[in-house]
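Subject: Structure handover

Hello,

Please find the structure below.

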Amino acid sequence: MRFENDSNRTAWILLVFVICALVLVGRLFFCSVIQAPEYSAIAEDIRKVDLVDEPRRGTIYDRNGNVLAISVDATTVYANPSEIKDIDATVAALVECLGGDEDAEEAYRASLMGPGINFSYVKRKADVDNAQKLKEKNLPGIYFLEDTRREYPYGQVAGQIIGCCSIEADPEANREYYKGLCGLEQQYDSILSGTPGRYAAERGADGTPIAGGVKEDTPAVDGQDIVISIDVELQQAAEERLLAGVEQMGGSSGTAVVMDGATGELYACASLPLFNPADRSEIEEGATQLKAASYLFEPGSVFKTVSMMSALESGAYGPDDQVFCPATIEADGYQVSDAHERGDATFTVRQILDQSSNVGISLITEKAGFDTLNDSIRRYGFDKLTGVDYPGEQLGYLLDFDQWSHIAGWNIAFGQGISVNALQVTRFFGALVNEGTACTPHFLVSLPQSGEQPQYATEDIVENDEALPTIQSMLQTVVSDGTGKMAAIDGFEVAGKTSTAEIYDEENGGYRKGVYTLCFSGFLANSSSQLVCFVSANEVPGEGTVTHIFRDIMTTAIDRFNITPE
């Protein structure tokens with residue numbers, strides 16, 4: 001009986017042993033065969049370092065080589081949290097060297113924590129000197145990468161033109177990078193940004209590289225530099241004169257453009273409010289837009305230059321022809337009169353322009369033919385975008401000719417019932433000093449690394465070249481004898497046209513009372529320069545003029561570029 005019990009006990013022990021052995025073998029098989037790839041991948045992830053080599057963004061230069069936007073050296077700090085020995089001490093060192101408030105301290109702490117994490121960004125694009133102080137502490141688990149940071153040395157000068165960048169995140173690629181957000185940074189982002197590289201390798205537990213462990217080592221391709229047409233000193237002067245002038249008149253905003261009529265190169269271009277890409281803590285509404293391209297307005301009397309040029313080209317009138325101009329004229333139940341009350345009068349065609357007579361230009365346009373004016377407006381380019389290399393150009397409003405009424409024809413003749421942008425006006429005036437050829441306004445001049453110089457479209461918009469010296473002479477009379485006297489510059493024959501335009505209220509219909517858009521567009525006739533300058537001030541209470549702003553900007557240009565009379 002005792003023998004039988006011992007035998008049973010032995011059998012049970014053997015059975016338990018077999019079961020345990022089978023469990024262990026099964027577990028070993030499961031771990032070494034079934035889960036082996038997963039464990040291998042986890043081990044490799046622990047050893048692996050996968051970093052993006054960010055390219056240096058291209059530099060933006062003005063026409064004289066002054067740096068307007070540049071990527072300067074910076075340092076990105078990252079960590080291997082599994083190597084951190086004392087989190088509190090490491091966080092304290094980060095705050096001491098890299099700076100930051102309580103939120104930054106918490107962000108540092110979060111970047112150093114987490115089981116199984118072997119890579120975490122601590123601070124990107126840190127100051128090089130601050131990062132060096134941190135490096136000298138030899139903190140376990142803290143590593144450093146060479147990086148760049150975007151800076152704008154001239155601050156708000158040309159800020160709207162240059163624009164700015166945002167820092168975009170790509171979690172899948174584990175990278176953050178600069179992307180053009182507005183201005184030329186956005187327009188030429190693909191040229192400036194370059195192509196990122198990548199470094200992937202395996203390291204030992206102590207962080208030392210494993211021999212043969214480099215999986216990928218592709219260097220970044222830096223972005224290209226660009227040279228733009230802006231002269232930063234003239235740009236600064238234009239911004240200062242525009243800001244002072246508009247504030248003095250009580251306007252809400254304004255625009256100034258200086259363009260070479262012979263090439264389309266924009267030497268200066270500014271609008272209010274100004275924008276500082278180096279300090280974006282406070283950005284006023286509309287500051288990031290260059291209103292010369294994006295803001296539409298009824299041009300008013302400056303558009304009489306367009307109507308007069310059309311009439312002169314048609315041969316219907318010469319500058320000394322006389323036109324009887326009643327105090328008022330009427331069509332379709334509407335009356336047209338001049339801005340200032342007067343009686344019936346007879347004006348020469350030249351006087352109609354220099355005195356800016358609404359009645360006179362209406363009668364001239366009607367006799368030359370409304371169809372002629374419509375064709376000219378379209379030939380002069382006011383029905384299409386200028387093609388400027390800047391994001392957000394807006395196209396104005398021009399009524400289809402089959403919808404023109406009698407009163408609409410008159411209104412359009414003196415710049416009402418049509419909307420344009422400032423670059424369209426500047427382009428047209430540029431053609432008047434460039435033998436009738438209109439050039440595409442543009443900023444990009446060259447890509448110095450490749451030697452590429454972009455070509456821009458030109459268009460012959462004047463059919464009757466004999467009208468060119470006539471319109472130039474008449475525009476000089478506007479300054480010498482007419483409404484543009486404050487634009488005069490000693491020693492030069494200034495030519496241009498003023499405007500005091502009503503502002504249409506789209507929400508309520510009709511024109512707003514007591515506020516105007518003031519404009520002047522002109523050039524230095526018979527000089528060594530073909531620069532054209534357009535200036536406007538928006539929502540100015542009461543009448544006024546921006547001719548003095550034009551005068552100040554062009555006087556700066558004369559001194560800057562040694563312009564001489566001819």
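K125 and D147 are both buried, where buried means under 20% relative accessible area, exposed means over 50%, and partly exposed lies in between (1.4 Å probe, protein chains only). Their side chains meet in a salt bridge, with 3.4 Å from N to O. A salt bridge here is a side-chain nitrogen of Lys or Arg within 4 Å of a carboxyl oxygen of Asp or Glu. The pair links distant parts of the chain: K125 is in strand β4 and D147 in strand β5 (residues 142-151), 22 residues apart. Strands (E, at least two residues) and helices (H or I, at least four) are DSSP runs, numbered from the N terminus.

This is a predicted model, in which local features need pLDDT of at least 70 and side-chain atom pairs count only at pLDDT 80 or more, while totals for chains, interfaces and linings use all residues. Residues are numbered from 1 along each chain as its sequence is written, and side-chain values use heavy atoms, with hydrogens and water left out.

Side chains of opposite charge can pair when their charged atoms come close. How many salt bridges does a search of the whole structure find? The search finds 21.

One of them joins R63 and E265, whose closest N and O atoms are 3.0 Å apart. R63 lies in the loop between β2 (60-61) and β3 (67-79), and E265 in the loop between β11 (253-260) and β12 (266-271), so the pair ties together parts that are 202 residues apart in sequence. R63 is partly exposed, at 29% relative accessible area, whereas E265 counts as buried because its value is 16%.

D338 and R342 also meet in a salt bridge, at 2.6 Å from N to O. D338 counts as buried, at 13% relative accessibility. There is also a network of salt bridges that links R378, D383, K384, R427 and E459.

Strand β4 covers residues 120-126 and includes S120. Is S120 buried or exposed? S120 counts as buried because its relative accessibility is 16%. Leaving aside neighbours within four places in sequence, S120 is in contact (heavy atoms within 4.5 Å) with Y78, A79, P81 and S111.

On the surface, D53, E216, D217 and D222 gather in a patch of negative charge. Patches are made of residues with over 30% relative accessible area and no salt bridge, with like charges joined within 9 Å and nonpolar side chains (Val, Leu, Ile, Met, Phe, Trp, Tyr) within 5 Å. D53 is in strand β1 (residues 48-53) and counts as partly exposed, at 33% relative accessibility.

Regards

Terms used
Accessible areas come from the Shrake-Rupley method with a 1.4 Å probe; for residues, only the protein chains shown count as cover. Lys and Arg count as positive and Asp and Glu as negative; His and the chain ends are not counted. The place of a charge is taken as NZ of Lys, CZ of Arg, CG of Asp or CD of Glu.
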